[in-house]
Amino acid sequence: MLYLNPDDFVLKPALATIHCEPNWKWRKRATPMPNYDLFYVWSGEGTVLLNNKPYHVGKGHCFLFRPGDETEATHNPQNPLVLTYIHFDIAETPRLIPASHRILENTISFESLLTQYVRLFLVKTYGAEIEGKLILKQLMIHLLREEQEKEEKLGDASHSLLETIHEIANYVQQHPGEPHTIESLAARANLSQRYFSQKFKQIIGQTVKSYIVYSRIKRAEHLLHFTGMTVTEAAYALGYNDLHFFSRQFKQYTGKNPSEIR
C-alpha cells in the first residue's frame, strides 16, 4: 500500500470511534470480511479472534483485517474496549500490505490521524473524501514504517537471543500446566527479569503473562475436545485451583465457556 495512489483507496461509510457497552460482542459474520477494516484499540481489555487465532488486546493494538478474514471479539465488561474501525477497499492490487496485527509503539501520531479521519465524516466536511484518502494512505504508511523499524530492531538482536526466547516460548507451550512466572522463565533464560520481559514481548509479540495464559487456554481447548476430560479435570491439569477463574480466562480468550467445547 506504500506505492498506491490515494485515489486507489475506496472509502466506505462504515467507520466510527465507539465506547463498547459492557455486554458488547463482535459475533462471527455469516460470510467472511468483504473488504479491508482498520481496527484500533484506544483502551480497555478484550480478545480478538482472527481466523480462529486469539489475540489478547489492549491499548495500541491495531489490526488490518483483509477481505476473506473471519473475525470475532469480546471484552472485559469491567474494562470495556474503546475502539475505532474504518472499512475501505482498494482499486488496485497492493504490492505491500501491513501485517494483520501490530502493537503500535508510536500511538500519538497514529491516534491523531484516526481522530482526524473520523471527524471528517461526522458532518459533511468540504473535501472530506479527498482528505480521507490522503489520511488513509498516511495510516498505512505509519503501519508499514513501524513494521520496518521492528524488523530493524530484531535484526540488531543476536541470533542466540532469538533462539533463547523462542526456546522459552516453546517450553511454556510444551508445559502449560507448570507454575511459570517471569522470574522462573528469566532465570531459565539466564537474563534479568526486565530485559527478558522486554525481549520476549518484542520477539514473540505478547507479554510473558499473556503468553502463559494463552498457552494454557490452547491446551485446555485440546483437552476438552479430544481427551474426554471434564472442565474441572482440565482446569486442575493446567494448574488452576479456582474453576471460576479458569472459566473466565477461557471465555476471555476464546469467546466461549469451557462447557461449550466438550
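Is Val48 buried or exposed? Val48 is buried, with a relative accessible area of 0% (buried means under 20%, exposed over 50% and partly exposed in between, with a 1.4 Å probe and protein chains only). This is a predicted model, in which local features need pLDDT of at least 70 and side-chain atom pairs count only at pLDDT 80 or more, while totals for chains, interfaces and linings use all residues. Residues are numbered from 1 along each chain as its sequence is written, and side-chain values use heavy atoms, with hydrogens and water left out.

**The four-stranded sheet**

- Four strands form an open sheet in the order β2-β7-β4-β5, with antiparallel pairing (strands are DSSP runs of E of at least two residues, helices are runs of H or I of at least four, and both are numbered from the N terminus; two strands pair if DSSP finds at least two bridges between them).
- β2 (25–26) and β5 (53–57) are the edges with a single partner strand each, so one side of each has no neighbour in the sheet.
- Strand β4 (residues 46–50) runs antiparallel to β5, joined by five bridges, and Gly46 stands opposite Val57 in β5.
- Helix α8 (residues 243–254) packs on this sheet and touches β2, β4, β5 and β7 (71–75), where contact means heavy atoms within 4.5 Å.
- The direction of α8 makes about 45° with that of β4 (axes are lines fitted to C-alpha atoms, for helices over the stretch in contact, and angles run from 0 to 180 degrees between N-to-C directions).

**Around Val48**

- Val48 lies in strand β4, and its C-alpha is 5.9 Å from that of Glu72, 24 residues away in sequence.
- Leaving aside residues up to four places away in sequence, Val48 touches residues including Phe39, Tyr55, Phe63, Phe65 and Ala73.

**The five-stranded sheet**

- A further open sheet has five strands in the order β1-β8-β3-β6-β9, with antiparallel pairing.
- Its edge strands are β1 (9–19) and β9 (101–103), each pairing on one side only.
- From one strand to the next, the twist averages 15°.
- Eight bridges pair β1 with strand β8 (residues 82–90) in the antiparallel sense, and Leu15 stands opposite Ile86 in β8.
- Helix α1 (residues 107–120) packs on the sheet, touching β1, β3 (36–43), β6 and β8, and its direction makes about 120° with that of β3.
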